[in-house]
Amino acid sequence: MRLLFLGDVMGRAGRSAVAERLPALRTDWGLDFVVVNGENASSGAGITGDHAKKLLASGADCVTLGDHAFDQKEMLQFIETEPRIVRPLNYARTAPGKGARIFTVGGRKVLVLQALGQVFMKRPFDDPFSAVDGVLKGSPLGGAVQATILDIHCEATSEKMAMGHWCDGRASLVVGTHTHVPTADAQILRGGTAYLSDAGMCGDYDSVIGMEKSEPLRRFITQMPKGRFEPASGPATLSGVYVETDDRTGLAQRVVPVRLGGRLQESRP
Ligand SMILES: [Fe+2]
Ligand SMILES: [Fe+2]
């Protein structure tokens, strides 16, 4: 299968880039399945139902969330009505929605799951390693499912890398999100799992991780907040990773970082 994963969509700039580019990429690259992380799609904080619908209408098969899953309160209800949204597996036990979903694509099954890291994250979440392990054992790759995509939403690259190795041979792709800066370590691990520490964001990189620069700079320099954080509004780079898998084993055969438009050096399959 040909899979595309796009990192955290950041505000209007990110949403516009997805809407403008993803429909053509689906056909040009012959994509079978597309996952988009939408946790910052609405003003940089969470995602509304309307914005989730637009990402899905643009060609996302699944929208994943993150620590900002429910910043937009309406998502608490909306997630129960839209089975194509995946929130973190190890979020509060009482949270609505699901942390793992199986999709059907032309007779093949694709498992998507997301977990939150524990290192340097603001809130303490349950152990992501045991949570992910349980789901992978329940739907083995090359058996119950033909592809598995894990969005590992962490601050620390060490925790993401450890998760990659933990899932090696058991997932098609383990990709990091949350830090909004793409890393240069795309690789196929020894067991056949495609891995990238961070997908980067779909947003304006003339910013501080997607936010307009002035307020973050003021806070770093003076420690005194003055205004709100607002998403930067310049042209966005679509940032993520492309993976080709073997339908029989579900393992990766090719992994290529994706960066299109905006300020970053272009990369495409
Ligand atoms: Fe994010
Ligand atoms: Fe996040």
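This is a predicted model: local features need pLDDT of at least 70, side-chain atom pairs count only at pLDDT 80 or more; totals for chains, interfaces and linings use all residues.
**Entry 1: cysteines**

I searched the whole structure for disulfides and found zero. Where is the nearest cysteine sulfur to cysteine 154? It belongs to cysteine 167 and is 11 Å away. Cysteine 154 is in no disulfide. A disulfide needs two cysteine sulfur atoms within 2.5 Å. I also checked accessibility. Cysteine 154 has a relative accessible area of 0%, so I noted it as buried.

Next I took cysteine 202. Its closest cysteine sulfur is in cysteine 62, at 14 Å. That is too far for a bond. Is cysteine 202 buried or exposed? Cysteine 202 counts as buried, because its relative accessibility is 0%.

**Entry 2: aromatic pairs**

I searched the whole structure for aromatic pairs and found five. I wrote up two of them.

I started with tryptophan 29 and tyrosine 242. Their ring centres are 6.1 Å apart. Their planes meet at 80°, so I noted the pair as edge-to-face. Planes over 60 degrees apart count that way. Where do the two residues sit in the chain? Tryptophan 29 is in the loop between helix H1 (11-28) and strand E2 (33-37). Tyrosine 242 is in strand E11 (residues 238-245). I looked up burial for both. Tryptophan 29 is buried at 9% relative accessibility. Tyrosine 242 is buried too, with a relative accessible area of 2%.

My next pair was tyrosine 91 and phenylalanine 125. I found 5.9 Å centre to centre and 35° between the planes. This pair is tilted. Tyrosine 91 lies in the loop between strand E4 (85-86) and strand E5 (100-105). Phenylalanine 125 lies in the loop between strand E6 (108-116) and helix H4 (128-138). They are 34 residues apart, and this pair also links distant parts of the chain. Tyrosine 91 counts as buried, at 13% relative accessibility. Phenylalanine 125 is buried, at 10% relative accessible area.

Which residues form one aromatic cluster? I listed Phe70, Tyr91 and Phe125.

**Entry 3: charges over rings**

I then looked for charged ends over rings. I noted two arginines.

The charged end of arginine 170 sits over the ring of tryptophan 166. I noted 5.2 Å to the ring centre.

Which ring does the charged end of arginine 219 sit over? It is the ring of phenylalanine 229, with its centre 4.1 Å away.

How values were computed. Residues are numbered from 1 along each chain as its sequence is written. Chains are lettered from A and ligands numbered from 1 in the order in which they are written. Side-chain values use heavy atoms; hydrogens and water are left out. Buried means under 20% relative accessible area, exposed over 50%, partly exposed in between (1.4 Å probe, protein chains only). Rings of Phe, Tyr and Trp (its six-membered ring) pair if their centres lie within 6.5 Å; planes under 30 degrees apart count as stacked, over 60 as edge-to-face and the rest as tilted. Helices (H or I, at least four residues) and strands (E, at least two) are DSSP runs, numbered from the N terminus. A charge sits over a ring if NZ of Lys or CZ of Arg is within 6 Å of the ring centre and within 35 degrees of the ring normal.
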